[in-house]
Amino acid sequence: RSGGARIDPATELRLLEELAERLGIEVRYETIEDGGSSSGGLCRLRSKDLLIIDRGAPLAERVGVLLDALGSLDLESVWVPPAVRRKLERRREGRGD
């Protein structure tokens, strides 16, 4: 595949989950009952980084939560698959997916 190849959403989700784990962030899928205003986010609980994602959220929203959370971190010294890094950078710059 070329460097500009797109990855399918399910693969992207898996790669983002693996990146979070490598960064020491536990990814949990939970039912979020807040009236639909949030699909999840990054938090700290008992000195541990935790990323909670609404298990009922569509795949694209799950990917979005991971992109938002991981895009807020310094990933310069971490290997990230090029297609995922581009998505994280675009998200950080406010250009969306």
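Let me begin with confidence, since what we have here is a predicted model. The protein chain has an average pLDDT of 87, and 88% of its residues score at least 70. If we go through the elements of the chain, the highest mean pLDDT, 95, belongs to helix H1, which covers residues 9-22, while the lowest, 87, belongs to strand E2 at residues 40-45.

Now to the interior. In soluble globular proteins, nonpolar side chains tend to be buried together. Here the largest nonpolar core holds 20 residues, and those with the most contacts inside it are Leu16, Leu19, Leu51, Leu66, Leu70, Val80 and Leu88. Two or more residues of this core come from each of H1, strand E3 (48-54), helix H2 (59-71) and helix H3 (82-92), and the largest share, six residues, is given by H2. To take Leu19 as an example, once its neighbours within four places in sequence are set aside, Leu19 is in contact with Leu70, Leu75, Val78, Trp79, Val80 and Leu88.

Finally, I would like to turn to Ile32, which sits in the loop between strand E1 (26-30) and E2. Is Ile32 buried, partly exposed or exposed? Its relative accessible area is 23%, and Ile32 is therefore partly exposed, given that buried would require a value under 20%. Again leaving out neighbours within four places in sequence, Ile32 is in contact with Ser38, Ser39, Gly40, Ile52, Ile53 and Asp54.

Definitions and conventions. Residues numbered from 1 in each chain as written. Predicted model: local features only at pLDDT ≥ 70, side-chain atom pairs only at ≥ 80, totals over all residues. Heavy atoms only, no water. pLDDT = per-residue confidence, 0-100. Helix = DSSP H or I, 4+ residues; strand = E, 2+ residues; numbered from the N terminus. Core = buried A, V, L, I, M, F, W, Y, C linked by side-chain atoms within 4.5 Å. Buried < 20%, exposed > 50% of the residue type's maximum accessible area, 1.4 Å probe, protein only. Contact = heavy atoms within 4.5 Å.
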